[in-house]
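Opening the notebook on a new model today. I want to look up the packing and the ring pairs.

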Amino acid sequence: MKRSAALRFHATLATAALAAATGLVVAGPSASAATGSATGYATQNGGTTGGAGGQTVRATTGTAIHAALCNRASSSTPITIEVQGTINHGNTTKVSGSSCNTAAGVIELKQISNVTIVGVGSGAVFDQLGIHIREARNIIIQNVTVRNVKKSGSPTSNGGDAIGMESDVRNVWVDHVTLEASGGESEGYDGLFDMKDNTQYVTLSYSTLRNSGRGGLIGSSESDRSNGNITFHHNLYENIDSRAPLLRGGIAHMYNNHYKRLNDSGINSRAGARAKVDNNYFEDSKDVLGTFYTSEAGYWQVSGNIFDNVTWSGRSGDNQPAGPDPTSNTSVSIPYSYKLDAANCVPDVVNRTAGANKGLRVSDGNCTPQNPGPTNPTDPTDPTDPTDPPTGTNLSLGAGADGSSKGSGTSYGNVIDGNLGTSWSPSGSTGSVSVKWSSDTAVSKVNIREASGSEGAVRSWRLLNHDTGAVLASGSSAGVVSFARTSLRKITFEVTSASGTPRIAEFETYSG
């Protein structure tokens with residue numbers, strides 16, 4: 001159904017207000033913020049490009065991520081969401097809109113397409129909060145940490161899966177992420193990376209999965225054989241009990257992974273599944289390949305793997321390990337090109353590249369990690385980063401200032417005098433300072449400049465529209481902050497925690 005221009009206008013105002021209140025920074029169209037290009041099976045079936053070519057926004061809360069999805073023109077409009085900070089239950093609520101289908105307590109990528117979520121700046125941590133991909137396609141998740149997601153206990157999220165995919169999911173690339181738990185099912189955790197109910201063309205690359213009872217599965221039961229065409233490469237599986245992964249039906253390709261301390265079993269190919277297992281390094285582990293816990297056999301093709309201090313149990317009943325001398329019992333044809341690192345250098349390469357906040361480094365097939373290229377190397381544009389130094393007129397010069405408290409020898413006016421040698425401090429470690437005008441003034445970027453010798457003292461803060469009380473942005477370190485362009489008469493920087501006494505030299509404001 002088409003909406004009238006008036007309705008669309010009011011909807012735009014509403015979503016802009018929501019964005020301002022939830023920590024969503026809106027930028028213009030740009031090249032994708034993700035780096036590199038999809039690999040493995042994610043390159044098939046039309047490829048995986050995520051939000052390339054669409055708008056780029058910055059989010060510091062889960063609600064802001066949902067708002068970014070809901071603010072799109074349609075559920076397939078490309079978007080890149082740059083995430084910084086800690087995303088948790090306290091800042092992740094349901095947001096409604098015609099281009100989204102979200103829920104509280106989980107990052108919900110449901111019935112949507114063409115989305116990139118990428119960690120930026122000081123990092124993105126999804127704490128006890130899972131990412132759920134359902135009835136979706138063309139999704140990229142890159143450079144984030146997802147930890148301690150529970151299915152029992154409190155709080156719970158996403159059925160206990162760090163990243164879970166189900167129901168007709170196509171073309172997902174998960175790259176340079178860290179997925180971790182703090183135990184197994186008895187401690188309330190489930191899988192780190194699960195795919196079921198017709199999920200296909202997925203790649204997990206350069207990622208770390210650790211400290212979990214279950215690494216992940218492909219297929220939820222012996223009858224769920226509609227999944228497959230999955231690639232796992234250059235990942236670290238460490239201190240995992242089983243499911244590294246569990247594969248039911250379909251095809252999976254595992255190459256150049258480092259498996260360390262697989263405690264009970266590793267790659268579990270069963271129910272007719274076929275696994276191609278190339279140049280991996282298995283270390284200090286047990287039963288790293290075979291068919292386990294079922295009488296329905298799976299198959300594998302092996303080459304170039306190293307088994308370092310791997311123990312194998314005897315074959316009996318539903319326990320059919322591939323070792324102690326694994327040999328191929330099927331043949332798997334791979335439709336994409338790839339470069340294999342030698343297995344003996346895999347531990348070093350994976351250690352230097354896998355996981356979030358590793359600089360998105362990749363391997364060149366010669367055991368030499370290197371920085372990735374841009375997503376689109378033919379695009380000469382350099383997209384504007386919301387944290388770039390602002391340009392234009394500093395609107396604070398000539399404005400007024402006040403605040404909640406001031407320490408001895410400091411003044412509110414010191415933050416608007418253009419002099420880095422003067423400063424304002426609260427009377428303790430927390431407090432607020434404001435810039436104010438006599439009439440409505442449009443602001444979209446501020447620069448909080450700490451005094452010399454006090455850099456880094458601010459540990460957490462909020463930026464408020466003092467007129468309405470709305471939170472324009474929040475974060476964990478001072479500097480440049482961008483947000484949806486807002487007309488106001490007073491803007492407040494509130495220090496909510498600090499190391500010692502913070503000193504703010506300048507509170508610059510810009511229209512953008």
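**Entry 1: helix α2.** A reminder to myself before I start: this is a predicted model. I began with α2, which spans residues 62–70. How many of its residues are buried? I get nine of nine, so I'm noting the helix as mostly covered, with under 20% relative accessible area as the cut-off for buried. The list runs G62, T63, A64, I65, H66, A67, A68, L69 and C70.

**Entry 2: the cores.** Next I looked up the largest nonpolar core, which has 70 residues. Which members touch the most others? They are I81, F126, I133, F193 and F232. I also checked where the core residues come from, and α2 gives the largest share, with six residues. There is another core apart from this one, made of 24 residues, including I416, V443, L463 and F507.

**Entry 3: ring pairs.** I searched the whole structure for aromatic pairs and got ten. I wrote down the geometry of Y237 and Y259: they are stacked, 5.2 Å centre to centre, with 20° between the planes. Y237 sits in strand β17 (residues 236–242) and Y259 in strand β20 (residues 258–262), so this pair ties together parts 22 residues apart in sequence. Both tyrosines, Y237 and Y259, are buried.

Then I took F282 and F307. Their ring centres are 5.2 Å apart and the planes are at 5°, so I log this pair as stacked. It links distant parts of the chain, 25 residues apart, with F282 in strand β23 (residues 281–286) and F307 in strand β26 (residues 306–311). Buried or partly exposed, for F282? F282 counts as buried, at 1% relative accessibility. F307 counts as partly exposed, at 32%. I also found that Y237, Y259, F282 and F307 belong to one aromatic cluster together with W312.

**Entry 4: D348.** D348 is in helix α3 (residues 346–353). Its relative accessible area is 38%, so I call D348 partly exposed. I also took the C-alpha to C-alpha distance from D348 to T368: 9.4 Å in space, for residues 20 apart in sequence.

Technical notes
Residues are numbered from 1 along each chain as its sequence is written. This is a predicted model: local features need pLDDT of at least 70, side-chain atom pairs count only at pLDDT 80 or more; totals for chains, interfaces and linings use all residues. Side-chain values use heavy atoms; hydrogens and water are left out. Buried means under 20% relative accessible area, exposed over 50%, partly exposed in between (1.4 Å probe, protein chains only). Helices (H or I, at least four residues) and strands (E, at least two) are DSSP runs, numbered from the N terminus. A nonpolar core is a set of buried Ala, Val, Leu, Ile, Met, Phe, Trp, Tyr and Cys residues joined through side-chain atoms within 4.5 Å. Rings of Phe, Tyr and Trp (its six-membered ring) pair if their centres lie within 6.5 Å; planes under 30 degrees apart count as stacked, over 60 as edge-to-face and the rest as tilted.
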